[in-house]
Each structure stands twice: as structure tokens, then as C-alpha cells.
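Here's a set of exercises to work through with the model open beside you. Try each task before you read its solution.

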Amino acid sequence: MKIALGPRPVMLMENVWIPLPDGTRLAAKIWLPEYAASDPVPAIIDYIPYRKRDGTAQRDESIFRYFASHGYASIRLDIRGTGDSDGLFEDEYVKQEQDDAVDAIDWITQQAWCSGKVGMIGISWGGFSALQVAARRPKGLKAIITHCSTDDRYADGGQHMGGCILTDTVSWGTTCFVMMSQSPDPEIVGKERWHSMWMERLENARPTMTDWLTHQRRDDFWKHGSVCEDYGAIDCAVFAVGGWGDGFSNAVFRLLSSLDAPRKGLIGPWGHKYPHVGVPGPAIGFLQECVRWWDHWLKGEDTGIMQEPMLRSWMLDSVEPAAHYDERPGHWVADPNWPSPHVSPRICRMGLGRLSQQPLPEATLEISSPPTVGIAGGEWCPYALGGVGPEHPLDQRLDDGGSLIFDSELLTEATPILGAPVIELEISCDKPSAILAARLSDVRPSGEVTRVTYGLLNLSHRDGHQDLQPMEAGKSYRIRLAMDEIGYTFPPGHRIRLAISTVYWPIALPAPERATLTVQAAASHLHLPIRMPQSSDIDLRAFDAPEASAPMATTVLKTGNVERFIRTDLVSGGVSLTVKRDDGLVRLDPIGTVVGHEKQLIYSVAENDPSTVRTEVYERFDRGRGAWQTTVQGRTVLTATKSDFHLQVDFDAFENGERIFCKSWSEKIPRDLV
């Protein structure tokens with residue numbers, strides 16, 4: 001990473017209060033180009049709840065000082081009730097959050113240092129915020145950069161996938177609940193106010209994951225904040241960015257195909273990280289691309305960015321399966337729009353263990369997967385890549401043994417795909433509720449199997465996610481399942497494998513009973529989106545090398561570590577996956593605050609009984625400086641019966657090592673065909 005700055009000197013405004021109409025104040029940190037008061041500049045906003053002063057401070061300093069040095073007022077804004085902002089936190093993506101953003105943008109555009117033009121940028125929550133606020137059309141908002149986000153909160157917001165409940169509901173739900181309960185900083189809000197503000201937050205705190213678990217269909221709860229409900233509401237320019245290793249990459253393709261506003265897409269090999277620090281690499285000069293985008297839309301300069309192809313994608317090369325990669329080999333391709341004229345379908349027919357472009361003999365096949373299939377699946381979203389990993393899928397032979405598999409012949413030429421592989425199956429099921437999981441993999445000549453992409457479908461959601469219908473035993477159904485979008489080149493001498501299972505744990509909670517699917521292979525097909533190389537790919541403009549401004553200076557007081565292991569109990573037949581993450585203790589040198597974070601996940605299930613599934617999450621955040629020493633911690637346990645989910649949440653807060661608050665919640669949530 002090259003440390004670099006633009007031509008303009010920058011001044012840091014550690015805290016600026018942005019007043020809202022109801023009297024609430026939002027806390028902002030602003031990197032401002034010098035002389036902006038006499039030479040107004042556009043503003044760029046990142047609007048998230050992750051504590052501007054001591055949560056995202058290291059990352060923010062490296063990004064927003066860089067933007068400011070290129071002539072932009074760069075603003076990190078804490079959402080109401082989080083960090084140092086006034087008010088109380090409700091839940092993710094509520095209407096109040098959007099209302100506040102619209103009011104804050106109005107205030108910003110009226111400042112003497114602002115030219116009246118505004119952009120928004122963000123990864124994850126910040127990417128969600130940018131899309132949702134863009135749909136509100138605040139005056140002055142001209143362009144956004146949304147990274148690792150989604151247009152559809154139900155489709156891939158972290159709680160559901162194909163109508164299945166992801167265990168990330170509990171993992172992220174615990175993080176969200178505990179993180180938002182932290183204390184404001186006394187140096188910002190005042191030594192007389194901070195404690196009463198904190199106690200008010202603690203009294204208000206509740207595990208909103210109970211709402212997420214209660215709303216198991218795609219109802220109004222999930223439609224709110226999903227800009228796919230009205231793509232036409234967004235009229236500003238949208239730069240959608242993602243990574244193949246991330247859980248939100250499908251949104252890039254939906255946004256490009258559905259928006260009417262000016263738009264561009266970029267998708268690389270990365271996990272849940274900005275591309276200039278992206279892992280797996282190669283990282284790129286993403287901040288330079290951002291400046292080109294901002295200069296075009298906020299300053300009216302001709303940077304050439306809108307004359308380039310709409311979508312640039314990293315085509316992954318074949319690799320051996322591994323839990324972590326520093327780099328993913330491949331190459332860049334570009335498409336003029338999406339759907340792309342360079343992509344064409346290829347139909348593969350299915351037979352007894354085979355995939356072929358030629359007709360195959362009829363075969364009736366059954367599968368009833370043990371509840372442990374999916375143990376080699378890695379994480380739904382690799383949040384920690386580049387940090388403490390490892391989170392990628394392992395060799396898929398661990399899961400293929402409990403799946404129906406269909407292999408192609410040895411490939412005689414490279415087979416590149418870009419888009420969403422789709423399966424169409426003729427099936428029947430002996431249970432009213434069941435999961436269909438499909439994995440597309442690369443089988444190496446030596447036998448290792450690398451997962452390329454996958455998809456899940458709760459079969460009661462086969463006709464949509466609102467009006468559900470149980471499966472009728474003995475009845476035949478035509479099922480369509482689109483896997484996650486992917487760019488990948490299968491090399492000659494390898495095989496393409498389709499694997500079908502009725503479980504994909506611990507990524508998704510299993511169905512209440514072990515189901516058997518019967519597949520009529522001759523009536524079933526795999527559709528591959530083939531993208532052959534184009535001559536125009538060779539002449540693509542190369543990305544610059546990554547650069548950023550220097551991050552905030554820190555001192556590591558205790559190094560972090562990670563443990564990740566699978567355990568099989570040969571007596572009980574139970575299987576568990578345990579992840580222990582300790583981020584250590586780090587002092588943020590300019591402000592003297594010491595921060596720490598620990599998280600532990602334990603997923604377990606009995607070998608032959610999906611109703612024994614259990615998810616346990618422990619999370620702890622430490623913040624302190626001198627006499628101000630605070631800790632919040634939570635423990636969540638989710639178990640299930642055939643009819644209900646049972647959620648137990650325990651929460652504690654500590655000041656100077658003494659517990660000052662504790663509360664518990666116990667919820668019984670009926671299963672709704674899930």
C-alpha cells in the first residue's frame with residue numbers, strides 16, 4: 001500500500017454537531033480541505049453506527065483524509081443513538097435513520113465550506129445507507145458508492161437466503177445488539193452527560209434479532225429499506241462494488257440490470273473489505289477510482305470513467321480448496337452492460353452421477369442428507385478476511401458424501417462462466433418443509449473439489465417468499481434455483497460438479513425434520529452462463545496500485561488470535577464447529593483510547609436429528625481511557641424443536657470492572673414452514 005495524499009492541505013474537525021429538527025444532534029468527524037470556507041467543495045458522507053471516534057477510526061483516517069486532500073469535505077457521521085450521537089438506537093435501517101440522513105444532508109449543503117453537492121460512500125451498513133438515502137432523493141445528493149450491500153434485505157441481507165434462515169441472524173444479531181449498547185466518549189459528549197446517556201442506552205437496548213426471526217416471510221418488515229421495491233426512486237449515479245468472497249455480491253448485478261440512473265459495477269476477488277485493502281488479492285487502486293467517480297459527478301470534470309464499460313469483473317482461475325487465500329489468480333474482463341451480450345447459456349442434462357450436453361438415460365434418484373452436510377462450507381460472509389480468517393470453504397468431498405453428485409466429462413477446453421448458474425429440477429419430497437441446497441464445484445484431476453458457487457431454497461418458498469405452500473408428499477414439482485453470481489474459469493482436464501443436498505449447515509438452519517428428495521434426472525437441467533473471452537478484455541485500462549493516506553497511529557498492547565476447529569463426538573454422534581476470535585487490545589494513540597473485542601461461535605447438531613441444532617454466540621467489546629473504562633458483553637443461544645425456535649439472550653455492562661447493568665430475554669418463536 002502506497003501512502004499518498006492529494007494536493008490540498010487538510011484540517012481535521014474531531015467533532016461537529018449536526019442539529020436535527022427534533023433537537024437531536026448527530027456527531028460528525030470532518031476532514032476538511034483548507035480554504036474550503038472561501039473555496040467551497042463537495043461533501044462525501046459515510047453514515048454508519050460503528051463509532052467514528054474509536055470504532056472505524058483507523059480505516060476512516062486512511063480513506064477520508066485521502067478524499068479531503070483531493071478537494072472533498074469528508075464526513076463520518078454516527079447514526080442516532082450510536083457512537084457519540086444523541087438519541088436512542090432502534091434497529092438496523094429504520095425510517096428514522098433515513099429521515100436523519102436527509103436532514104443531515106440538508107444541513108451540510110448549507111455550510112459555507114460546501115458547494116451544495118454531496119456524495120455518499122459506505123461498505124456494508126454504509127452501503128445499505130447510501131442506497132436507502134438515495135431512494136429518498138435528498139436535494140444535493142448527486143452520486144453514491146455502495147460496497148458490499150444489497151438492494152433486497154430479504155434476499156441477501158444476512159438473515160435469509162432463498163427463504164432459509166441463516167445462522168448469521170444470530171451471529172450478526174448478537175454483534176449488532178451488543179455493539180450499539182456501548183458508551184459514548186466523555187471527551188465528546190461531556191463528562192457530565194456520558195454516564196446518563198449510556199444508562200439510557202442500556203435501558204433501551206434489546207436484541208432486535210427476535211424481530212428478524214419472527215418475520216420469516218418477505219413481508220413489509222423486509223420490504224422497508226429494500227430499494228428493489230422501487231428502483232425508479234433512485235435518480236442519482238450509483239457505483240456498485242462487491243467481491244466474490246463476500247455475501248452481498250449478487251446485488252451488484254441486480255442494480256446494474258434494474259436501475260435507470262447512471263450506474264457502474266465493479267466486482268473483484270475480495271471478501272468483506274474495500275478493494276484497496278482487498279483480501280484475497282489482488283487489491284487495486286480503489287480510492288483513485290473513487291476520486292475519478294467523485295470528480296465526474298460532484299465537480300463536473302471529464303475523468304473518462306463513464307465512457308468505460310458498465311461492469312468490470314475479476315474472472316477467478318482454478319485453485320485448490322483452502323480456508324484462506326492471500327491472492328486469487330485470475331484476470332479482469334469488462335461488459336458494456338448487464339445482462340451482457342457476451343454471456344450465453346449452456347444447458348447440461350443430468351443423469352446417474354453425470355452432467356452432459358447430450359441426452360442421458362432416465363434415472364430416479366433420492367437424497368436425504370445428514371444434518372452435518374455443509375460443515376465444509378465456510379462462512380456465509382467472510383467478514384474477517386485480511387484480519388483473522390480463515391473463512392473460505394474447505395475441500396467439498398467432506399460434504400459431497402452426503403449429497404447427490406453429477407459430474408461432467410473431462411473438459412477439453414477452458415470453460416469460463418460469469419453470472420448465476422441455474423438448476424431446474426423435477427422433484428418430489430416426503431416432508432412439508434425441506435431445504436434444497438445446490439453447489440457448483442471444480443473437480444481437479446488429483447481429486448480435490450473446490451466450491452465455485454452455491455444456492456439455497458426453502459421448498460415451501462418455491463413460488464415466492466410471501467405466500468408459502470407446504471410440499472405435498474408424492475406430488476411432483478418443477479423447481480428453479482439460481483445460485484450466487486460468480487466469475488470463474490474451469491480449466492481443461494478438470495470436471496464440473498453439481499452437488500445437491502437437503503441440508504447446508506451451519507450456514508443455514510436445517511428444516512425441522514430430515515427430508516428425502518426424489519429427483520427425476522432426465523427432466524432436470526443445469527444452465528451455465530458461459531462468457532467466452534473477448535478481444536476487448538485485452539485492452540482494458542489497468543487499475544493503479546493501491547494507495548491511501550496513513551491510518552491512525554496505534555500501539556498493540558495485546559496481540560489477537562483466532563481458533564477454528566471441527567469436532568466430532570464419536571459417542572453421541574454430534575458434530576460442532578467452534579470459532580474463537582480475539583482481536584487483542586489496541587491503543588488509538590492520538591486519543592489514548594484502548595479498544596478490545598472478543599467473539600466466540602459454537603454451532604452443533606446431532607448426526608441424525610436436525611431438531612438438535614444449536615447456535616451459541618458470545619461477544620464482548622471493551623473501551624477505555626484513564627478513569628473511563630467500559631465493557632459490554634452478550635451471550636445468545638438459539639435452539640429449535642420441530643415447531644419452534646427458542647432464543648435466550650443474556651446481556652451485561654461493566655464500568656471499571658464492576659457490573660452496573662444486566663438483563664435477559666427468553667423468546668419462543670413459532671416456525672413458519674422453515
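**Exercise 1: The largest cavity**

Strand S21 is the top contributor to the lining of the largest cavity, giving 6 residues. (Strands are DSSP runs of E with at least two residues, helices are runs of H or I with at least four, and both are numbered from the N terminus.) Before going on, note that this is a predicted model, where local features need pLDDT of at least 70, side-chain atom pairs count only at pLDDT 80 or more, and totals for chains, interfaces and linings use all residues. Residues are numbered from 1 along each chain as its sequence is written, and side-chain values use heavy atoms, leaving out hydrogens and water.

Task: Work out what surrounds the largest cavity.

Solution. Start with the terms: on a 1 Å grid over the protein atoms alone, a cavity is a set of points where a 1.4 Å probe fits but cannot get out; a pocket is an open set with protein on both sides within 12 Å along at least five of seven lines; lining residues have an atom within 4 Å of a point. Points are joined across faces, edges and corners, and the volume is the space filled by probe spheres set on them.

- Step 1: searching the whole structure gives 7 cavities of 30 Å³ or more, and the largest holds about 410 Å³.
- Step 2: it is lined by 30 residues, with Trp 244, Gly 245, His 392, Arg 451 and Val 452 closest to its centre.
- Step 3: S21 and strand S23 (486-490) each supply at least two lining residues.
- Step 4: sort the lining and you get 16 nonpolar, 7 polar and 7 charged residues. Here Ala, Val, Leu, Ile, Met, Phe, Trp, Tyr, Cys and Pro count as nonpolar, Asp, Glu, Lys and Arg as charged, and the others, Gly among them, as polar.

**Exercise 2: The second largest cavity**

Task: Find which strand gives the most to the lining of the second largest cavity.

Solution.

- Step 1: the volume of this cavity is about 90 Å³.
- Step 2: among its lining residues are Lys 264, Gly 265, Leu 266, Arg 312 and Arg 541.
- Step 3: S11 gives the most, with 3 residues.
- Step 4: by class, the lining has 4 nonpolar, 1 polar and 5 charged residues.

**Exercise 3: A pocket and a helix**

Task: Describe the second largest pocket, then look at how H10 packs.

Solution.

- Step 1: the second largest pocket contains about 520 Å³ of space.
- Step 2: its lining has 24 residues, and nearest its centre are Gly 162, Leu 456, His 465, Leu 481 and Ala 482.
- Step 3: helix H4 (153-156), helix H10 (250-258), strand S21 (449-458) and strand S22 (477-482) are the elements giving two or more residues to that lining.
- Step 4: the lining splits into 10 nonpolar, 7 polar and 7 charged residues.
- Step 5: in H10, Asn 250, Ala 251, Val 252, Phe 253, Leu 255 and Leu 256 are buried (under 20% relative accessible area; exposed is over 50%, partly exposed in between, with a 1.4 Å probe and protein chains only).
- Step 6: those buried residues pack against elements including helix H3 (125-134), H4 and strand S11 (263-268), where contact means heavy atoms within 4.5 Å.

**Exercise 4: Cysteines**

Task: How many disulfides does the structure hold?

Solution.

- Step 1: a disulfide is a pair of cysteine sulfur atoms within 2.5 Å.
- Step 2: the count comes to 0.
- Step 3: take Cys 148, which is buried at 1% relative accessibility. Its closest cysteine sulfur, in Cys 381, is 6.7 Å away, too far for a bond.
- Step 4: Cys 662, by its 46% relative accessibility, is partly exposed.
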